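Please read it alongside the sequence and coordinates shown here.

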Amino acid sequence: MPESIILTHEEKKELLTLWRKLQTNVEEKVTADDYSYIKPHLDKAIAEGKITRDKFGLSPILLDLHTVYLVGKEIGYRREITLSILLNRCILSGAITLQEVTEKFGDNVTNILKSL
């Protein structure tokens, strides 16, 4: 059975640190509304066991935040790329559809998600 995604105290601190870095670096900010939209979908997928730790015991949510941070440092922080990486787990888990993403965030985010 896959390991629970419940974050440890250290992971929560790491998540907050990464989130703050992203908030200061993303050119067009990921807004509180964006976060409020994504978080319940992630929470649902986690609660349903559709998002679990990987075989090394790592949190996929933290891995995604690290990915956003590294991609941003290398090619620049863009809101569409950031949202796409953050939404990818929601799409893969079935917590949200590409149509819903298009309606909320537009074609650019959806096209990036299709490429992921």
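**Helix packing in a predicted model**

The helices α4 and α5 cross in a right-handed sense. Their axes approach within 11 Å and cross at roughly 150°, and because angles over 145 degrees count as roughly antiparallel, α4 and α5 are roughly antiparallel to each other.

**The contact of α4 with α5**

- On the side of α4, which covers residues 79-93, the contact is made by Arg79, Leu83, Leu87 and Ile91, while α5 contributes Leu98, Val101 and Phe105.
- Sorted by class, the residues of this contact of α4 with α5 comprise 6 nonpolar and 1 charged, with no polar residues.
- In an α-helix there are 3.6 residues a turn, so residues three or four places apart point the same way.

**The contact of α3 with α4**

- Helix α3, residues 60-75, has an axis that comes within 10 Å of the axis of α4, and the two cross at roughly 160°, so that α3 and α4 are roughly antiparallel to each other.
- The crossing in which α3 passes α4 is right-handed.
- From α3, the residues Pro60, Leu63, Asp64, Leu65, Thr67, Val68, Val71 and Ile75 meet Ile81, Thr82, Ile85, Leu86 and Arg89 of α4, and the residues of this contact divide into 9 nonpolar, 2 polar and 2 charged.

**Helix α3 itself**

- Over its 16 residues, α3 reaches 22 Å from its first C-alpha to its last, which is close to the 22 Å expected at 1.5 Å a residue.
- Its buried residues are Pro60, Ile61, Leu62, Asp64, Leu65, Val68, Tyr69 and Gly72, and these buried residues of α3 pack against α1 (9-25) and α2 (32-47) as well as against α4.
- Following α3 comes Gly76, which has a positive phi, near 105°.

**The contact of α5 with α6**

- The axes of α5 and α6 lie 7 Å apart, and the two helices pack at an angle of about 145°.
- In this contact Leu98, Val101, Thr102 and Phe105 of α5 meet Asp107, Val109, Thr110, Leu113 and Lys114 of α6, and the residues divide into 5 nonpolar, 2 polar and 2 charged.

- Leu98 is found in α5 and counts as partly exposed, at 30% relative accessibility; not counting residues up to four places away in sequence, Leu98 touches Ile91, Thr110, Leu113 and Lys114.
- Between Leu98 and Ser59, which are 39 residues apart in sequence, the distance in space is 24 Å, C-alpha to C-alpha.
- Thr110, which lies in α6 (residues 107-115), has a relative accessible area of 4% and is therefore buried; with neighbours within four places in sequence left aside, Thr110 is in contact with Leu98, Val101 and Thr102.
- Asn108 also has its place in α6, but at 49% relative accessibility Asn108 counts as partly exposed.
- Although 28 residues separate Asn108 from Glu80 in sequence, the two are 6.7 Å apart in space, C-alpha to C-alpha.

Technical notes. Residues numbered from 1 in each chain as written. Predicted model: local features only at pLDDT ≥ 70, side-chain atom pairs only at ≥ 80, totals over all residues. Heavy atoms only, no water. Axes fitted to C-alpha atoms, helices over the stretch in contact; angles between N-to-C directions. Helix = DSSP H or I, 4+ residues; strand = E, 2+ residues; numbered from the N terminus. Parallel < 35°, antiparallel > 145°, perpendicular 65-115°, else oblique. Left-handed = near helix turned anticlockwise from the far one by under 90°. Contact = heavy atoms within 4.5 Å. Nonpolar A, V, L, I, M, F, W, Y, C, P; charged D, E, K, R; others polar. Expected span 1.5 Å × (residues − 1). Buried < 20%, exposed > 50% of the residue type's maximum accessible area, 1.4 Å probe, protein only.
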